[in-house]
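Subject: Structure handover

Hello,

Here is the structure for you to look through. Please open it first and keep it beside you while you read the notes below.

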Amino acid sequence: MAIYFGDLNFRVDLPRPAIENALKENNYDALMAKDELHEHGMRHNVLKSCQEGKIMFAPTYKYD
């Protein structure tokens, strides 16, 4: 088992207004679809045996 944690400095590849709208609508699937870490991992087969639970909460970091 491996646990990854830390500030990996990946972002959501969307314009700020689109991110704010998705957050207001609790549309986390739209954000995950443009999550750079998730996309990079899928595209390059990084962490291919790892699974992440469905994200069902707003970001917990300061993004302003």
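This is a predicted model: local features need pLDDT of at least 70, side-chain atom pairs count only at pLDDT 80 or more; totals for chains, interfaces and linings use all residues.

Residues are numbered from 1 along each chain as its sequence is written, and side-chain values use heavy atoms, with hydrogens and water left out.

Confidence

The pLDDT is the predictor's confidence in each residue, from 0 to 100. Its average over the protein chain is 78, and 69% of the residues score at least 70. Helices here are DSSP runs of H or I with at least four residues, numbered from the N terminus. Confidence is highest in H1, with a mean of 92, and lowest in H3, with a mean of 73.

Salt bridges

Side chains of opposite charge can pair when their charged atoms come close. A salt bridge is counted when a side-chain nitrogen of Lys or Arg is within 4 Å of a carboxyl oxygen of Asp or Glu. By this rule there are 2 salt bridges.

One of them joins Arg-16 to Glu-20, with 2.9 Å between the closest N and O atoms. These two residues are 4 apart in helix H1 (residues 16–24), so about one helical turn separates them. Accessibility is sorted by relative accessible area: buried is under 20%, exposed is over 50%, and partly exposed is in between (1.4 Å probe, protein chains only). Arg-16 is partly exposed at 35%, and Glu-20 is partly exposed at 32%.

Lys-54 and Asp-29 also form a salt bridge, at 2.7 Å from N to O. Lys-54 is in the segment after H3 and Asp-29 is in helix H2, so this pair ties together parts that are 25 residues apart in sequence. Lys-54 is exposed, at 56% relative accessibility.

Asp-35 and Ala-33

Asp-35 sits in the loop between helix H2 (28–33) and helix H3 (36–43). Leaving aside residues up to four places away in sequence, Asp-35 touches Arg-11 and Val-12; contact means heavy atoms within 4.5 Å.

Ala-33 belongs to helix H2 and is exposed, with a relative accessible area of 56%.

Regards
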